[in-house]
Amino acid sequence: MAESSGGSKKLLWVMIILVLLSSAGAAAAIYLVLDQRGSNGGGEAQQQTVERIPPVFTHIEPFTVNLSDDRYGSRLLYTGITLRVGNEQSKVIIEEHMPQVRSRLLILLSGKQADELTSTEGKEQLAQEIINRLSVPLTENQPPLDLREVLFTEFIVQ
């Protein structure tokens, strides 16, 4: 009997030690999880305090273009365009060279047919062609333009 009581005391101490170790491990895991959440919350607060940069737009006055003849004869396009650029430098360059910009746009648009421009896909393709056409430098040693988006503010095909 003495042996069995000594064995049960050892078993009791082993159980107590295991319970304490598992409790300590659980407490450490909870602490680490809560600590990570706290540090992520601080990062989100820092991201929210980052200053919002407003978009930069440059407006091109509306104009009318004779489209290429199609089966209906001569057609017209009246359009107003606004360009969203990535920085003020690009806006200044476009505004300084507005006659060249308008000329490039008129040449591009006058080669289009009305059928190409009436669908959504046609307008999206035209917007990409405008970006490609205006990305060609307007003068020597010009830094590249940061053209982000072409916005049609007015668009009438007649």
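User: Quick one to start: in S3, what is the bridge partner of Val85?
Analyst: The partner of Val85 in S3 is Leu147. This is a predicted model, in which local features need pLDDT of at least 70, side-chain atom pairs count only at pLDDT 80 or more, and totals for chains, interfaces and linings use all residues. Residues are numbered from 1 along each chain as its sequence is written, and side-chain values use heavy atoms, with hydrogens and water left out.

User: How do S2 and S3 pair, and over how many bridges?
Analyst: S2 and strand S3 (residues 147-157) pair in the antiparallel sense over 9 bridges, where strands are DSSP runs of E with at least two residues, helices are runs of H or I with at least four, and both are numbered from the N terminus; two strands pair if DSSP finds at least two bridges between them.

User: And what stands opposite Ile60 in S2?
Analyst: That is Ile81, and strand S1 (residues 56-66) also pairs with S2 in the antiparallel sense over 9 bridges.

User: Switching topic, where is Asn87 found?
Analyst: Asn87 is in the loop between S2 and helix H2 (88-96), and it counts as partly exposed because its relative accessibility is 28%, given that buried means under 20% relative accessible area, exposed over 50%, and partly exposed in between, with a 1.4 Å probe and protein chains only.

User: Which residues is Asn87 in contact with, leaving aside neighbours within four places in sequence?
Analyst: Asn87 is then in contact, meaning heavy atoms within 4.5 Å, with Val56 and Asp146. The C-alpha atoms of Asn87 and Phe57 are separated by 9.1 Å, although these residues are 30 apart along the chain.
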